[in-house]
Amino acid sequence: MIDDGELGPGEPLPTDRALAAALAVGRSTVVAAYEMLRADGRIVRRQGSGTQVAGERPPDRPLIIPDAETSAPIFLQQIEPTAGAIPLACAAPTRPPQALLDAQRTVLDRLQGTDPDAVDFGYFPAGHPLLREAVADHYRRAGLPTAPEEILITNGSQQAISLITRLLITPGDRVLVEAPTYPGALEVFRAGGAELVPLPLGLPHFDKSAERHSAALGYVVSIFHNPTGSVLGSLPGERLARSADRSGTWLIDDRSLSELVFPGVEVPRPLALHADRVITLGSLSKIIWGGLRVGWIRASRTLINRLVRVRAVHDIGGSPLTQLAAAELIDDLARHRDEIGRQLSAKHDHLCEQLSRRLPAWRFTRAAGGQSLWVRIPYGDGDSFAQEAMRHGVAVLAGSGLDASGGGTQHLRLHFQLSTDLLTDAVARLAEAWQVYRPPAEPLVDRPKLAV
């Protein structure tokens with residue numbers, strides 16, 4: 001309509017929310033479409049005056065800077081969730097467990113008995129000392145010698161990735177990533193101006209790839225990979241870690257899902273055991289509760305000190321009450337891990353059974369832990385089917401947003417953190433959506449373009 005002159009310069013366009021509601025699609029779809037038009041120069045997006053067709057515009061109204069806002073579905077579905085939709089897109093425990101409530105009560109009782117004349121501002125840019133010690137002890141029990149000074153407490157692993165990016169990445173730097181991988185990390189790297197270099201899972205031949213692409217950083221989800229649920233074995237993991245040291249390239253080992261282990265599954269030890277250039281990430285948000293925003297970075301003291309200074313500029317520290325409760329939970333993490341592992345294993349099996357029964361043409365590999373399945377649909381593409389699924393009341397995550405190689409277009413990420421009743425209902429709705437789904441005239445096909 002713009003090209004044909006039906007919409008003239010300066011003519012206003014519907015808001016993201018209004019257009020999404022009119023078309024019965026997710027808001028993220030509208031945001032992405034508008035962004036494509038903006039990049040082509042057909043429209044402008046002005047703060048305070050909405051979206052309009054490109055043309056003469058008042059110079060005193062600045063354009064929105066795209067990098068300042070996210071358009072990733074995984075975030076938008078949390079910012080503006082669709083009422084009544086079953087949330088199969090963002091994966092995390094859905095309610096605080098009794099153990100968290102008990103830990104918070106214990107902390108409050110302890111604080112009430114402290115010396116009223118003691119000076120404690122509650123500012124801990126590196127994290128509360130008790131929690132840093134608890135996390136360090138957690139790694140020591142896992143066979144990785146760690147001092148509290150090698151730990152930085154963050155507001156979840158998402159902030160951890162952001163802090164590392166701010167310190168180690170400058171615009172134009174290259175980052176080696178798995179294809180597919182955690183979409184939140186891809187968003188952070190892109191916002192930092194990095195050029196993403198997609199590699200197969202496990203980042204094989206890391207040192208050679210780092211040298212060939214002059215990479216500044218690598219990112220791997222070694223345990224219960226997001227989204228595939230795979231595990232990087234001990235020997236490949238050791239080779240990867242030693243490759244980081246040989247190349248002199250920092251490697252992020254994101255182990256945020258490592259505690260979501262099914263009964264009888266052995267988890268390899270941290271990659272940092274084999275190399276100095278490995279930065280290890282962890283989190284309680286996936287095993288305890290999504291609202292418990294406690295994560296951490298484990299790295300050398302020198303790097304931790306630099307990260308603390310970066311963190312202090314943007315966030316002088318997290319809540320000490322939350323961190324003290326987290327310290328209580330980490331001391332008993334093994335018991336939580338066993339209990340949550342049994343629950344997730346049962347939910348995983350239930351989701352697999354429901355998919356096999358109601359959607360037998362869909363393909364997936366069973367996971368050994370974690371919280372998601374990487375599902376391939378037989379035709380069409382994940383983005384257009386996600387719109388159809390939303391019309392049937394299920395929010396799913398299309399695979400294209402998780403794969404920097406251009407692949408993943410025929411995939412969906414489905415998580416199994418919900419109750420079995422909700423999972424049953426969700427798959428039933430997905431089956432109904434699949435019955436009426438009609439792919440685009442020229443369906444996308446996975447054509448991964450991995451770096452070598």
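How many aromatic pairs does a search of the whole structure find?

## Basis of the report

The structure is a predicted model, in which local features need pLDDT of at least 70 and side-chain atom pairs count only at pLDDT 80 or more, while totals for chains, interfaces and linings use all residues. Residues are numbered from 1 along each chain as its sequence is written, and side-chain values use heavy atoms, with hydrogens and water left out.

## Aromatic pairs

The search of the whole structure gives 9 aromatic pairs. Rings of Phe, Tyr and Trp (its six-membered ring) pair if their centres lie within 6.5 Å; planes under 30 degrees apart are stacked, those over 60 edge-to-face and the rest tilted. Trp 362 and Trp 434 have ring centres 5.6 Å apart and planes at 90 degrees, so this pair is edge-to-face. Because Trp 362 lies in the loop between helix H12 (333–358) and strand S11 (372–376) and Trp 434 in helix H14 (residues 420–436), the pair ties together parts that are 72 residues apart in sequence. Helices (H or I, at least four residues) and strands (E, at least two) are DSSP runs, numbered from the N terminus. Trp 362 is buried at 3% relative accessible area, and Trp 434 is buried at 10%. Buried means under 20% relative accessible area, exposed over 50%, and partly exposed in between (1.4 Å probe, protein chains only).

Phe 385 and Tyr 437 are likewise edge-to-face, with ring centres 5.4 Å apart and planes at 85 degrees. Phe 385 belongs to helix H13 (residues 382–391) and Tyr 437 to the segment after H14, so parts 52 residues apart in sequence are tied together. Both Phe 385 and Tyr 437 are buried. One aromatic cluster comprises Trp 362, Tyr 379, Phe 385, Trp 434 and Tyr 437.

## Salt bridges

Side chains of opposite charge can pair when their charged atoms come close. With a salt bridge taken as a side-chain nitrogen of Lys or Arg within 4 Å of a carboxyl oxygen of Asp or Glu, the count is 21. One of them joins Arg 42 to Asp 3, at 3.1 Å from N to O. This pair links distant parts of the chain, 39 residues apart: Arg 42 is in the loop between helix H2 (27–39) and strand S1 (43–46), and Asp 3 is in the segment before helix H1 (16–23). Arg 42 is partly exposed at 28% relative accessible area, whereas Asp 3 is exposed at 59%.

Arg 311 and Asp 315 also form a salt bridge, with their closest N and O atoms 3.4 Å apart; both residues are buried.
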